[in-house]
Amino acid sequence: MADPSPTVGVIMGSKSDWETMRHADAMLSALQIPHECKVVSAHRTPQRMFEYAQMAADRGIQVIIAGAGGAAHLPGMVASETLLPVLGVPVQSRALQGLDSLLSIVQMPGGVPVGTLSIGTSGAKNAALMAARILSLTDPALQQRLADFVAQQTADVLADAEIENA
Ligand code: RP5
């Protein structure tokens, strides 16, 4: 049977972003959310970026997660060409440790929203969880899987909560 069509689009400015964005991919897979992962660069493939943003909703995508580093224009430019919620993940850059990415993504002009997550792997993971929360508003089975994830996370922390003195 063919995979169900993706409801979340994970895009990134470069293949080098995959080391970060694979954490979004893994979280979406763990929650059984059909998704796709693609390199779509605002600067190197602008036409592909506009086509992706313009076609996403018609293709059944409901949330876009966009990761980029440095002059990270991808999330904002995609948000300007779609009405879908766009979640931006600042990838940790080599030169400025991702502060450049964060400021590029978070400082959107009023009228074009991007939900900005934290820098790096936590941001990628939380972008997937935020996408899941959005989708779970109309998907009770997904809401249950999210609740199970949270319960397991709590149990894992409690299991390791006692620090033994060395
Ligand atoms: C951005 O430039 C990408 O999102 C990436 O984080 C950064 C560096 O890209 P590469 O030079 O590694 O391809 O567009």
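Visitor: Which residues form the nonpolar patch on the surface?
Guide: In this predicted model, Leu99, Leu103 and Val106 form it, with about 250 Å² of accessible area together. Patch members have over 30% relative accessible area and no salt bridge, like charges being joined within 9 Å and nonpolar side chains (Val, Leu, Ile, Met, Phe, Trp, Tyr) within 5 Å; areas come from the Shrake-Rupley method with a 1.4 Å probe, and for residues only the protein chains shown count as cover.

Visitor: Where is leucine 103 found?
Guide: Leucine 103 sits in helix H4, residues 99-106, where helices (H or I, at least four residues) and strands (E, at least two) are DSSP runs numbered from the N terminus.

Visitor: And the salt bridges, how many does a search of the whole structure find?
Guide: The search finds 2, a salt bridge being a side-chain nitrogen of Lys or Arg within 4 Å of a carboxyl oxygen of Asp or Glu. Glutamate 19 pairs with arginine 22, their closest N and O atoms being 2.9 Å apart, and arginine 59 pairs with glutamate 36 at 2.6 Å.

Visitor: Is glutamate 36 buried or exposed?
Guide: Glutamate 36 is buried, at 11% relative accessible area, given that buried means under 20%, exposed over 50% and partly exposed in between (1.4 Å probe, protein chains only).

Visitor: Which conventions apply?
Guide: Residues are numbered from 1 along each chain as its sequence is written, and side-chain values use heavy atoms, with hydrogens and water left out. Because the model is predicted, local features need pLDDT of at least 70 and side-chain atom pairs count only at pLDDT 80 or more, whereas totals for chains, interfaces and linings use all residues.
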